[in-house]
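Subject: Structure for your review

Dear colleague,

Please find the structure below, followed by an account of what was found in it. I would be grateful if you could read the two side by side.

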Amino acid sequence: MESFGTRLHRAVTERGPLCVGIDPHPGLLARWGLADDVQGLDRFAQTVVEALGDRVAVVKPQSAFFERFGSRGVAILESTIRQLRDAGSLVLLDVKRGDIGSTVSAYASAYLDPSSPLYVDAVTASPYLGVGSLAPMFELAAEHGGGVFVLALTSNPEGAAVQRARTADGRTVAQTVIDEISQLNEGAQPLGSFGLVVGATIGDTGHDLSRVGGPLLAPGLGAQGAGAADLRTVFGSSLPAVLPSYSREVLNAGPDTAALRAAADRVLAECRTVLAAA
């Protein structure tokens with residue numbers, strides 16, 4: 001199987017540098033005129049698949065908004081994943097899992113083993129039990145052509161206390177995460193399969209992203225406050241590796257499928273302009 005990095009590079013080349021989230025929180029369901037129940041969740045997810053599954057490079061379902069409905073919500077997530085993959089989108093499941101030993105191995109099997117009903121192209125993961133604790137995820141991803149996006153510099157204000165703390169060698173915790181992921185991608189062409197999550201709202205990071213060699217997922221665009229132009233400040237010379245991620249800025253245009261497509265096309269055009277100047 002081709003590596004995730006190879007498939008992501010091709011998808012971005014063919015469809016453009018854009019990731020759109022599926023975040024069916026109660027307020028958004030209400031905005032669409034849908035009930036905050038399983039039927040509303042299903043209608044929401046199906047509409048996003050219909051509108052964007054065949055045109056957006058990456059779609060990122062937020063697992064928590066499906067899990068809150070229990071087994072029925074997870075069944076809808078499984079169906080949504082299958083339909084997105086059938087439509088040609090890469091599926092990045094936003095789960096932010098992280099643990100040790102057999103538990104992280106089980107998480108890896110749940111999302112990165114092709115035999116699982118929740119099998120996706122890539123997942124998000126938390127490194128704060130140590131990047132090495134995620135080794136089973138990295139190994140299974142490499143075996144089956146999957147990807148892992150590891151949290152590095154997030155947009156939430158609470159994150160800085162941990163991520164920007166200094167280690168014994170003077171690097172920040174975030175820089176140690178960045179450096180370890182860079183090592184995993186060493187030599188990969190055209191793009192490594194192990195990425196980082198770096199918020200688009202954080203401004204000049206003061207961190208070195210130049211050797212990552214993999215994709216840089218940039219959430220926080222649109223309704224969360226950042227615009228495409230802010231990507232220049234955050235990523236600098238690493239801009240070509242950035243995968244911009246929007247959720248509410250696109251989803252607020254629903255439930256009309258044409259309006260959702262138009263919103264996605266608009267933010268994609270903005271991102272193309274910024275990234276093309278890199």
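A crossing of two helices is called right-handed if the near helix is turned clockwise from the far one by less than a right angle, and left-handed if it is turned anticlockwise. Please bear in mind that the model is a predicted one.

Helix packing

The term applies to helix H3 and helix H12, whose crossing is right-handed. H3 covers residues 38-52 and H12 covers residues 257-276. Their axes lie 9 Å apart and form an angle of about 60°.

Which residues bring H3 and H12 together? From H3 come Thr47, Glu50, Ala51 and Leu52, and these meet Thr257, Leu260, Arg261 and Ala264 of H12. Sorted by class, this contact comprises 4 nonpolar, 2 polar and 2 charged residues.

Cysteines

A disulfide is a covalent bond between the sulfur atoms of two cysteines. How many disulfides does a search of the whole structure find? The search returns 0. Cys19 takes part in no disulfide, and the cysteine sulfur nearest to it, that of Cys271, is 11 Å away.

Yours sincerely

How values were computed. Residues numbered from 1 in each chain as written. Predicted model: local features only at pLDDT ≥ 70, side-chain atom pairs only at ≥ 80, totals over all residues. Heavy atoms only, no water. Axes fitted to C-alpha atoms, helices over the stretch in contact; angles between N-to-C directions. Helix = DSSP H or I, 4+ residues; strand = E, 2+ residues; numbered from the N terminus. Contact = heavy atoms within 4.5 Å. Nonpolar A, V, L, I, M, F, W, Y, C, P; charged D, E, K, R; others polar. Disulfide = S-S within 2.5 Å.
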